[in-house]
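This report concerns confidence and helix packing in one protein model. Please examine the sequence and the structure before reading on.

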Amino acid sequence: MAELIDLKELEEKVILIAVKTREEDDTEACLEELAELVETAGGITVGTVIQNRENVHPGTYLGKGKIDEVKELVWELQATGVVCDDELSPAQLRNLEDMLETKVMDRTMVILDIFASRANTREGKIQVELAQLKYRAARLVGLRNSLSRLGGGIGTRGPGEKKLEMDRRIIHERIGQLKAQLKEVERHREVQRQQREQTHTQVAAIVGYTNAGKSTLLNYLTDAGILAEDKLFATLDPTTRKLELPSGQQILLTDTVGFIRKLPHHLVEAFKSTLEEACYSDIILHVADVSNPQMDMQMHTVYETLKQLKVTEKVVVTVFNKMDKMESPVILKDLSADYQVKISARTGQGISELLEILETILRSQKVYLEKVYPYQEAGRIQQIRKFGELILEEYVEEGIRVKAYVPATLYGKLV
């Protein structure tokens, strides 16, 4: 009988490398996250190496002695490649490969690889290909060597793969085409936004560090049925769903791509149209994972990314998620938030408090209206019911007495 192939042996085995330049750098935690990224991309981490240096070596990332040590480790652990925690320059990539005689990747390549395997919508695929091509255009020479050496694996998946052997001119032409396609998608998104404004519906963007539970929360609230896995970047394409609150008020919830530390600038650029959902929203639902020991750092990363996207002066609700995983009570505070609530999107704990907060916010953004409408203007009541919050509807001799909260944009048409 033919011998079965052990699939474990076909997995890419990588060694993670980082350079620590300051005592306060949390390099170990960065490498833990990088290991998760590698696992999500289908690889396995067999070793980690951290070098303490004043600065990253401009030509080889690591110093000569450390490179020799890593080379020996690659041979000992039978690793198929190494992954650096920082984005490498084309020179660093080429030099490291030549000296280590193995495949060299960086954090960006791994993230791009995950994005490539997760993009489902046309927009997602365009964004991933654009980010891949921008990254690869600058590194074409170095990548050509590494791919011919190992053929496939992490960092080679997705729409960018078939473009690798193109020259720079063709790549830049393709980048131009993709940008034009993305502009078309953005125009379509702008039309959708204008339609939302006409319906006076408020929008809440669900943001947070990757794997904080954003998709699980959207699924719980709206039965959206989107993928919610315990993996980094399980959701890449934004999903918008309508949520009806207990009072009858409606709000749109939009899930966004998860944030991560060291998210490369050109990735933020490529995914700007997706991330801009946060810019155009009225409320930011910031989901934080209380079970993660790195929660404070993750929350800081989210706020920094929002600042980078110029998302300011929004009502922020910090949603402390995964409370079901906490065995003892914890004190949780977010001084940057207007409201905060403890929940478990998995069990439903605290969801009613979250809905109450959303009700309060929506009400605070509406104007109180008290009026008696003649019976021939009964259609106005329908408008109030649809876009506002009807508190009292009483039929009296002179007409219909109404007490309600209505959007400020609609108030002028109703008085």
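## Confidence in the model

Over residues 142-151 the pLDDT stays under 50, and the model has 22 contacts beyond four places in sequence for this stretch. The structure is a predicted model. Where pLDDT is low, the predicted coordinates should not be read in detail.

Across the protein, the pLDDT averages 83, and 84% of the residues score at least 70. Residues 1-9 have a pLDDT below 50, with one contact in the model beyond near neighbours in sequence.

## Helices α4 and α5

Two packed helices are described by the angle between their axes and the distance between the axes. For helix α4 (residues 107-118) and helix α5 (residues 122-137), the angle is about 155° and the axes are 10 Å apart. Angles over 145 degrees count as roughly antiparallel, so α4 is roughly antiparallel to α5. The crossing of α4 past α5 is left-handed.

On the α4 side, the contact involves Thr 108, Met 109, Leu 112, Phe 115 and Ala 116; on the α5 side, Val 128, Ala 131, Gln 132 and Tyr 135. By class, this contact of α4 with α5 has seven nonpolar, two polar and no charged residues.

## Helices α8 and α12

Helix α8 (residues 214-222) and helix α12 (residues 351-364) have axes that come within 12 Å and cross at roughly 80°. The two helices, α8 and α12, are therefore roughly perpendicular to each other.

From α8, Leu 217, Tyr 220 and Leu 221 make the contact, together with Ile 351, Leu 354 and Leu 355 from α12. The contact of α8 with α12 has six nonpolar residues by class, with no polar and no charged residues.

Note on methods:
Residues are numbered from 1 along each chain as its sequence is written. This is a predicted model: local features need pLDDT of at least 70, side-chain atom pairs count only at pLDDT 80 or more; totals for chains, interfaces and linings use all residues. Side-chain values use heavy atoms; hydrogens and water are left out. Axes are lines fitted to C-alpha atoms, for helices over the stretch in contact, and angles run from 0 to 180 degrees between N-to-C directions. Helices (H or I, at least four residues) and strands (E, at least two) are DSSP runs, numbered from the N terminus. Angles under 35 degrees count as roughly parallel, over 145 as roughly antiparallel, 65 to 115 as roughly perpendicular and the rest as oblique. Contact means heavy atoms within 4.5 Å. Ala, Val, Leu, Ile, Met, Phe, Trp, Tyr, Cys and Pro count as nonpolar, Asp, Glu, Lys and Arg as charged, and the others, Gly among them, as polar. pLDDT is the predictor's confidence in each residue, from 0 to 100. A crossing is left-handed if the near helix is turned anticlockwise from the far one by less than a right angle, and right-handed if clockwise.
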